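Subject: Structure handover

Hello,

Here is the structure for you to look through. My notes follow below it.

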Amino acid sequence: MQTELCKKLGIDLPIFAFTHCRDVVVEVSKAGGIGVLGAVGFTPEQLKQELDWIDDHIGDHIYGVDIVIPQKYEGMGEMDPAKLEEMLQAMVPQEHHDFAAKLLADHGVPEWPDKDDKMGLLGWNEAIATLLVDESLKRPKCRLIANALGTPPADIIKRIQDSGRLVGALCGKVKQAKQHKNAGLDFIIAQGTEGGGHTGEVGSMVLWPQIIDAVGDTPVLAAGGIGSGRAMLAAMALGAQGVWTGSLWLAVEEAEAEPAQKQSYFDATEEDTVRSRSWTGKPCRMLKNDWTEAWATEGNPEPLGMPLQGLVTADAIRRTHKYAAVGECQKVAFNPVGQVVGQINEVESCRDLIFRLLNEYVEALEKVNALMPE
Ligand SMILES: Cc1cc2nc3c(=O)[nH]c(=O)nc-3n(C[C@H](O)[C@H](O)[C@H](O)COP(=O)(O)O)c2cc1C
């Protein structure tokens, strides 16, 4: 089932799996697809450790890395990251910090044990993102870099392509897809509103064909709402060169998540997600809970923009992950996931999930073919 993009990468299946778990990256790539490690939460040192592990376990297979590479803003490119962070911290109203702290305390989420271990901006700034790209480009088995938000800066695109790797980016609008194409990206990920994480307003069924038509010969990967082989077939029928999936990998056997967190996916239906700015400052699809409701309630502080809201919530993200099963933590936890969460009902291994997708794909294709006259 190789598309042109699969051939370029040398992979057997057009299944791209976005994940934060190195084990999932390795298992998906070994099963014929390609695992893509989401690196935005990592420091350069942590990414080095993760990629060392992947390189040691993935055999002859390849993988990708997903990074948030912001465009340079006037003056910011040269600014020392510590100064930049200090400046941004000063822009966050105390009211926002207090509101977040109270929500966590009211739900019994313990404080982070080391008070001096402060959370910062992570990979959300250009200086750190560049170091993450540097680390990825040292790895011969890392063959693809994806950018989560916006078109990457021209110098980064050039560096990735000069190294012989492919570079792509997500988008949720035709306009953004055209910008990606004009910047010379090797592939475009068209993410419909159904998808987990940062997402736009247009549904996949409308967005995919429009973007595919708008960008001509640039390969498009369909993202957002793929929870079965039937949905994968629909994406391929619309002209996608593969599927870019995220939510499906959150509850697999190999995914490193607390049982309480996996249970919250099994309990959720397709109606239980919301696009909320409450964690990152940009609309991001996640499980609806007390946290998302509180930030959307009139009279309460409104979420700030990106990256300021991230400074309010960075500590809450790590605490709600660490103490996932404590108190009512899941009611205030950051759980990005797409509407396909309603189809995630059991723990499967990555390999079994990929085989299931393929079987469903073939079964659906046979049904569609059987409709044709003899
Ligand atoms: C938990 C989670 C975190 C995500 N974080 C990122 C990210 O950091 N960078 C990115 O490019 N996409 C991110 N995404 C979006 C995925 O790359 C992918 O486009 C999306 O999950 C596809 O839709 P689906 O969830 O319906 O499969 C995230 C998705 C999820 C579920």
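First, a term for the helix pair: a crossing is left-handed if the near helix is turned anticlockwise from the far one by less than a right angle, and right-handed if clockwise. By that rule, helix 8 and helix 9 cross in a right-handed way.

This is a predicted model, where local features need pLDDT of at least 70, side-chain atom pairs count only at pLDDT 80 or more, and totals for chains, interfaces and linings use all residues. Residues are numbered from 1 along each chain as its sequence is written, and side-chain values use heavy atoms, without hydrogens and water.

**Helix pair**
Helices are DSSP runs (H or I, at least four residues), numbered from the N terminus. The axes of helix 8 (residues 174-182) and helix 9 (residues 204-214) come within 9 Å and cross at roughly 35°. Axes here are lines fitted to C-alpha atoms over the stretch in contact, and angles run from 0 to 180 degrees between N-to-C directions. Contact means heavy atoms within 4.5 Å. Helix 8 brings Val 174, Ala 177 and Lys 178; helix 9 brings Leu 207, Gln 210, Ile 211 and Ala 214.

**Ligand**
Polar contacts are pairs of N or O atoms within 3.5 Å. A polar side-chain atom of Ser 247 lies 2.5 Å from a ligand oxygen. For Trp 244, also through a polar side-chain atom, the distance to a ligand oxygen is 2.9 Å. Gly 225 uses a polar backbone atom, 2.8 Å from an oxygen of the ligand.

**Cis peptide**
Met 306 and Pro 307 are joined by a cis peptide bond, with omega about 10°. Pro 307 sits in the loop between helix 12 (290-296) and helix 13 (308-322).

Best wishes

Conventions
A polar contact is a pair of N or O atoms within 3.5 Å; within protein, one must be able to donate a hydrogen and the other to accept it, and residues adjacent in sequence count only if both atoms are side-chain atoms. Helices (H or I, at least four residues) and strands (E, at least two) are DSSP runs, numbered from the N terminus.
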